[in-house]
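Trainee: Could you walk me through how to read this model, feature by feature?

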Amino acid sequence: MTMQGIFTPRNRSELLDRQLSVLSIVCRTLTRSLDLKASLDELLKVLHVEGGMKHGLVALMDPELGELCVSAVHSGSEMVQQAKTAVRYRRGEGIIGTILQSGNPVVLMRLSSEPKFLDRLALYDWEAPFIGVPLKDQSGEVIGVLSAQPASELEEFLADESRFMEMVANLVVQAVRLLAQVQTQQRNITDERDELRRTVRGKFGFENLMVGHTTPMKQVFDQIRRVAKWDTTVLIRGESGTGKELVACAIHYNSPKAHNSFVRLNCAALPENLLESELFGHEKGAFTGAVKMRQGRFEQADGGTLFLDEIGEISPLFQAKLLRVLQEGEFERVGGNKTIKVNVRIVAATNRDLEQEVREGNFREDLYYRLNIMPINLPALRERNADIPELCNFLLDKLSKNQGRKLSITDAAIRVLVGHNWPGNVRELENVLERAAIMTEDGTIEPSTLSLQGIAMQRPVAATPATMPVSSAVASAPAEVSPMLDDPGLDERERVVAALEQAGWVQAKAARLLNMTPRQIAYRIQTMNIDVKKI
C-alpha cells in the first residue's frame, strides 16, 4: 500500500526486502561523491523515497563549539532545507541533544508523547512515529545523530525500522570518516602546493634570481618581464657563466605556464642519435635497449616550457627535425608513426655567434629566424663590473646559508674582484667566493684569502700595494712598456699581438706588459685566433 505517495509495507517480509534494497542504494549513494553535504542530502532523499523514512535529518558535531549542527534535512523544499541547516543542539537539549548526551537511540510511537520535543525545525508530524539513532565513531564517541519518521504507523514494525536506521547510521559514520580524511588530505595537498608555488615564485622572482643595477641588466630585466607574459619563443645569448639558465627559469616561473612543467635539456651533452630519442621519445623496440615506450622532453613539457641549452651545438641534420616541431608543434617518436601534437613554449640558449654559424653553413637560416623571435643578450660580467659588490653580497648570503655562518667581504677584497676580467663571468665569481669562504676562519674574506688558491687577480686601478694580494703584487711588478701599447688607435687584438712581439712571444712576459695574468692573455690568444710563434 502507499501513504502520501510513499510505499508502506504490508508485512514484515516486505519491510525486510525493502530495507535490504534501500541499504544497497545507500551504499552507492554515500560513495558517489566527495562532497559530504551533497552525499547527506542524497542519502535523506533515498530514505524518504525508497525507504519510507520521512523528514530525515543528519546533525554532526562541531568540535569547536561542542554542539550538534544540522548538516542535512529533507523536507521537500530546497529553500526550507537550506534555512533549517542553521539549527543547533546542545547536549541534553531536546530529543536530538538527548541522543547526543546518552548515546542511545530514541524510538517513539507518537512524537507528541515526548515532552522534550522542541520542534525547532517546524518539520515533523506530531502524531507519527519518530526514530533517532546516534552516529558513533570507532571509539564509541557520538559524532552526530540521524533521525526520521517512518511512514508506517504499525508499532510491530518499529523495532525493525530502528535496526534499519542503526545500520544506515553505521554507513553514514564510515562515509563521514572517509570523506573527512579525503578532505584533510586535499587541504594538505592544496596547502603544500600553494606553499611550493610561493617558494618557487620567491626563488625565481626577479629580485631573488638575478642581481644588477647597471643599465645592461635593467634592460635584461625589462625584457624578461615583457616576454614572460606571452608564449613567444626566446633566444638567450651570452657567454658561458652569465646566467642564461636563470633567465629561462625567470621567464617560465613568471609566466602563465608557471604551474606546468619546466623541462631542461643541454643539447651539447648528448650525441645526435641519443638527442633525438631524448627530445622526441621512442617506441618499444625502436632500437637495441628500447625495452619500453618512453616519452621525450617535448611530451614531458606539454603545456609548459622546454629549455634547450647550447642550441648552437646541434647538427644540421637534427636542426631540420627540430625546425618541424617548432613550426608545426608535432612530431613522431623514434620508431613510431603516430603524430603527437604538443603545446610547448621554447626557450633556447647559446654562447655561439649564430649569425657567423649561418654564414658558414653550420646553422640553418630558417631555424635561426624561428628561434630568434625574442633575443635576450646577457652582458658579460666585465661589462657590468659595477654590479660586482652587489653580486658578492648576494652570493655570500647563499654561501652563508649553506655553511651555516655569517660571511662578509672587505672593501679591499671587493676592489680586487672589480679589477679582475672574469672570463668565466658570474659562475667564476661564485666559485672564487666559495673557495675564499672555505679558506677563511672568521668568515671575513680579505684580499689575502682570495689569493690562497693561486688565482692571480688583476690589480684594480684604485688599489694600493697594501690592499693587494701577494700574487697580484708579483703579477703587477713594473715592466718596461712600449709606447706602442698605449696607442689609442690599437684595438684589443692588436695590443695583444704587439705585447707578444715585444715579449718575444713569451706569454707570461706579455701578460705583465698588459697588466694581465697569464690565464687572461691565454684566453685572449685562444678567442682571438692569434697564431702564437715559437722562439
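Mentor: Gladly, and let us begin with Asn-425, which counts as buried at 0% relative accessibility; buried means under 20% relative accessible area, exposed over 50% and partly exposed in between, using a 1.4 Å probe and protein chains only. Before we go on, note that this is a predicted model, where local features need pLDDT of at least 70 and side-chain atom pairs count only at pLDDT 80 or more, while totals for chains, interfaces and linings use all residues. Residues are numbered from 1 along each chain as its sequence is written, and side-chain values use heavy atoms, with hydrogens and water left out.

Trainee: What is the phi of Asn-425 near?

Mentor: Most residues other than glycine have a negative phi. Asn-425 has a positive phi, near 60°, and is placed in helix H16 (residues 425-439). Helices (H or I, at least four residues) and strands (E, at least two) are DSSP runs, numbered from the N terminus. His-55 also has a positive phi, near 55°; it is found in strand S3 and is buried at 17% relative accessibility.

Trainee: S3 brings me to sheets. What is the order of the six strands in the open sheet?

Mentor: Strands of a sheet pair through backbone hydrogen bonds, either parallel or antiparallel. Here the order is S5-S4-S3-S8-S7-S6, with antiparallel pairing. Strand S5 (88-89) and strand S6 (106-108) stand at the edges with a single partner strand each, so one side of each has no neighbour in the sheet. S5 pairs with strand S4 (residues 67-73) over two bridges, in the antiparallel sense; two strands pair if DSSP finds at least two bridges between them. Tyr-89 in S5 is the bridge partner of Leu-68.

Trainee: And strand S13 (residues 305-309): how many of its five residues are buried?

Mentor: Five of the five, so S13 is largely enclosed by the rest of the structure. In a regular strand the side chains alternate between the two faces of the sheet. In S13, Thr-305, Phe-307 and Asp-309 lie on one side and Leu-306 and Leu-308 on the other, and both faces are covered. S13 pairs in the parallel sense with strand S10 (residues 262-266) over five bridges, where Leu-265 stands opposite Leu-308. Four bridges join S13 to strand S16 (residues 345-350), also running parallel, with Phe-307 opposite Val-347.

Trainee: How do I read a pocket, and which residues lie nearest the centre of the second largest pocket?

Mentor: Rolling a probe the size of a water molecule over the atoms shows where empty space is left. On a 1 Å grid over the protein atoms alone, a pocket is an open set of points where a 1.4 Å probe fits, with protein on both sides within 12 Å along at least five of seven lines, and lining residues have an atom within 4 Å of a point. The second largest pocket is lined by 14 residues, with Leu-60, Met-61, Pro-63, Ile-143 and Val-176 nearest its centre. Strand S3 (53-62), strand S8 (142-150) and helix H5 (158-203) each supply at least two lining residues, and H5 gives the largest share, five.

Trainee: Last one: where does Arg-333 lie?

Mentor: Arg-333 is in the loop between strand S14 (330-332) and strand S15 (339-341), and it is buried, with a relative accessible area of 12%. Arg-333 and Phe-280 are 53 residues apart in sequence, yet 5.2 Å apart in space, C-alpha to C-alpha.
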